[in-house]
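Dear colleague,

I am handing over the structure we spoke about, with the sequence alongside. Please open it first, and then read the notes that follow.

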Amino acid sequence: MSIPSIEYLPDAAVDPLLDENLRRLLCLCFTKPCDAIFKERRYFNEPPSHRWLMRDQTGMAIAHIAVHEKYVVVDNVKYPIGGIAEVCVHPNHRGNGYVKHILAAIQVWLISQRVEYAVLFGNPKIYGSSGYQPVTNLFHDAEDGEGKPYFASVKAMVKPLTNQDWFTTEVYLPGKTF
Ligand SMILES: CC(C)(COP(=O)(O)OP(=O)(O)OC[C@H]1O[C@@H](n2cnc3c(N)ncnc32)[C@H](O)[C@@H]1OP(=O)(O)O)[C@@H](O)C(=O)NCCC(=O)NCCS
């Protein structure tokens, strides 16, 4: 079976037809109560800058990964990261390695943009074979039940894109997770 071609587009280039198509795919794939937000918009917390897609012969999106332009801070130095999000494959097309293929294309693009790490929040079983390793030293901004801000520790997966290993000290991701 041939692999559908991988299409890159900036989020700003998403037209109303594709927006509806993406929201349909996201709603089909993400089914927790909080995911109902995808009925209204094609992102969870904040819009990503970049998207990668595969389509079927009719032009419908069947696989999708978004990338946020983010940075982390370590010892007061900022490092650009690619924030991988909204990874999904239409149920009829799963198990074909599409996630791995799209992640590989994203990696090439991130390296071309001099981004040093790809970061995501997800199931290690899905991303391990693409070279993502779990890390436990990432902290992001959060609020407690009374609206008081604090730094929350979050389990993440990271893939270094250069020969620079991931950090051994605490890493701060400004804002929410993606
Ligand atoms: C998760 C999802 C994107 C995987 O799609 P897919 O087409 O099966 O992905 P691939 O064929 O590229 O498989 C990539 C790896 O993930 C693994 N995998 C796929 N679905 C899995 C699942 N539900 N649980 C554990 N591992 C899974 C595959 O075995 C493969 O691992 P391997 O390379 O070590 O064999 C798809 O099931 C989906 O859209 N699910 C709903 C949305 C979702 O949960 N997204 C992920 C958020 S972290």
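**The ligand and its surroundings**

The shell of residues around the ligand divides into nine nonpolar, six polar and three charged residues. Please keep in mind while reading that this is a predicted model. In total, 18 residues surround the ligand, and the closest of them are Val87, Val89, Gly97, Lys100 and Ser129.

An oxygen atom of the ligand is 2.8 Å from a backbone N or O atom of glycine 97, and a backbone N or O atom of valine 99 is found 3.0 Å from an oxygen atom of the ligand. Taken alone, the ligand exposes 890 Å², of which the protein buries 66%.

The ligand takes up the space of the largest pocket. Two or more residues of the shell around the ligand come from each of strand S4 (77-89), helix H2 (98-112) and helix H3 (124-127).

**Aromatic pairs**

Turning to the aromatic rings, the count comes to 12 aromatic pairs. One of them is formed by tyrosine 8 and tryptophan 109, whose rings are 5.7 Å apart centre to centre, with 25° between the planes; this pair counts as stacked, because the angle between the planes is under 30 degrees. The pair also links distant parts of the chain, since tyrosine 8 belongs to strand S1 (residues 7-10) and tryptophan 109 to helix H2, 101 residues apart.

With best wishes

Key: Residues are numbered from 1 along each chain as its sequence is written. This is a predicted model: local features need pLDDT of at least 70, side-chain atom pairs count only at pLDDT 80 or more; totals for chains, interfaces and linings use all residues. Side-chain values use heavy atoms; hydrogens and water are left out. A residue is near a molecule or strand if one of its heavy atoms lies within 4 Å of it. A polar contact is a pair of N or O atoms within 3.5 Å; within protein, one must be able to donate a hydrogen and the other to accept it, and residues adjacent in sequence count only if both atoms are side-chain atoms. Accessible areas come from the Shrake-Rupley method with a 1.4 Å probe; for residues, only the protein chains shown count as cover. On a 1 Å grid over the protein atoms alone, a cavity is a set of points where a 1.4 Å probe fits but cannot get out, and a pocket is an open set with protein on both sides within 12 Å along at least five of seven lines; lining residues have an atom within 4 Å of a point. A molecule sits in a cavity or pocket if more than half of its atoms lie within 2 Å of its grid points. Helices (H or I, at least four residues) and strands (E, at least two) are DSSP runs, numbered from the N terminus. Ala, Val, Leu, Ile, Met, Phe, Trp, Tyr, Cys and Pro count as nonpolar, Asp, Glu, Lys and Arg as charged, and the others, Gly among them, as polar. Rings of Phe, Tyr and Trp (its six-membered ring) pair if their centres lie within 6.5 Å; planes under 30 degrees apart count as stacked, over 60 as edge-to-face and the rest as tilted.
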